[in-house]
Amino acid sequence: MGALKSILLVFVSFLLITSLTFFDLSWIFSSSLDYDILKPAIVPVIKGIADSERDATASIENNYENMVLYCQVSESYPFIETISGEEFNIPCEVVMQGSDSIMTYGLNAQFDKIYYKNYDCDFFDCFSSTENSFVVISEKARNYWVNIFYYSLMISLLLIGFIFLLSEKKRAAFIHVGILVILCSLPFVTIEKLASFFYSGYV
């Protein structure tokens with residue numbers, strides 16, 4: 001009976017390590033995909049695409065006077081999206097604030113459209129499709145990882161309970177679980193610090 005408990009303890013410990021790994025990964029991904037954290041990192045990328053493919057900054061500056069004239073008889077100015085090529089409207093009150101405000105508004109609008117896009121497929125189905133490549137930086141992706149986070153948390157708590165049931169000495173079970181949690185967390189603490197350093201450059 002003692003040998004069987006030991007084998008089960010090793011097996012449950014392995015499952016706990018796996019569950020804790022998913023717990024840490026999902027926490028990092030869901031946190032990094034938060035709107036306020038992701039936006040400062042992605043908007044400069046969108047701007048780079050806009051300038052390289054459509055020379056957006058120069059185009060706005062060159063056409064600014066026409067925009068102002070257009071806004072004298074309209075409440076919004078039609079503008080072409082950088083990534084999809086679709087048209088969207090910029091409020092004339094933004095146009096009157098200058099070319100920088102127009103660029104900022106356009107970039108923010110494009111990011112919001114990417115982030116909040118309503119995908120009609122599962123996360124991994126969207127991920128495997130080249131047409132939905134931006135799903136990795138969307139709210140759908142964040143919600144997916146948040147769900148994984150809570151699932152792995154519940155599973156981890158259940159497995160910790162099994163470890164306590166299988167352990168004859170409860171104090172040893174505390175130490176056993178603590179060591180597993182620390183070992184699983186160390187690599188991801190390092191990743192989190194690196195990610196924070198990376199994102200801080202955009203804030």
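I am working on a predicted model, where local features need pLDDT of at least 70, side-chain atom pairs count only at pLDDT 80 or more, and totals for chains, interfaces and linings use all residues. Residues are numbered from 1 along each chain as its sequence is written, and side-chain values use heavy atoms, with hydrogens and water left out.

**Fold.** I looked up the secondary structure and found 9 helices and 2 strands. Both are DSSP runs, numbered from the N terminus: helices are H or I with at least four residues, strands are E with at least two. Along the sequence I read α-α-α-α-β-β-α-α-α-α-α.

Of the 203 residues, 33% are buried (under 20% relative accessible area, 1.4 Å probe, protein chains only). I then took contacts (heavy atoms within 4.5 Å) between residues at least 6 apart in sequence; 60% of them join residues at least 24 apart.

**Disulfides.** I searched the whole structure and found 2 disulfides (cysteine sulfur atoms within 2.5 Å). In sequence order, the bonded cysteines pair 1-2, 3-4.

C71 bonds to C92, S to S 2.2 Å. The link is left-handed, at -85° about the S-S bond. C71 sits in helix α4 (residues 64–71) and C92 in helix α5 (residues 92–95), so the pair ties together parts 21 residues apart in sequence. Both C71 and C92 are buried.

C121 bonds to C126, S to S 1.6 Å. The torsion about the S-S bond of C121 and C126 is about 105°, so this disulfide is right-handed. C126 is buried, at 0% relative accessible area.

Notes
Buried < 20%, exposed > 50% of the residue type's maximum accessible area, 1.4 Å probe, protein only.
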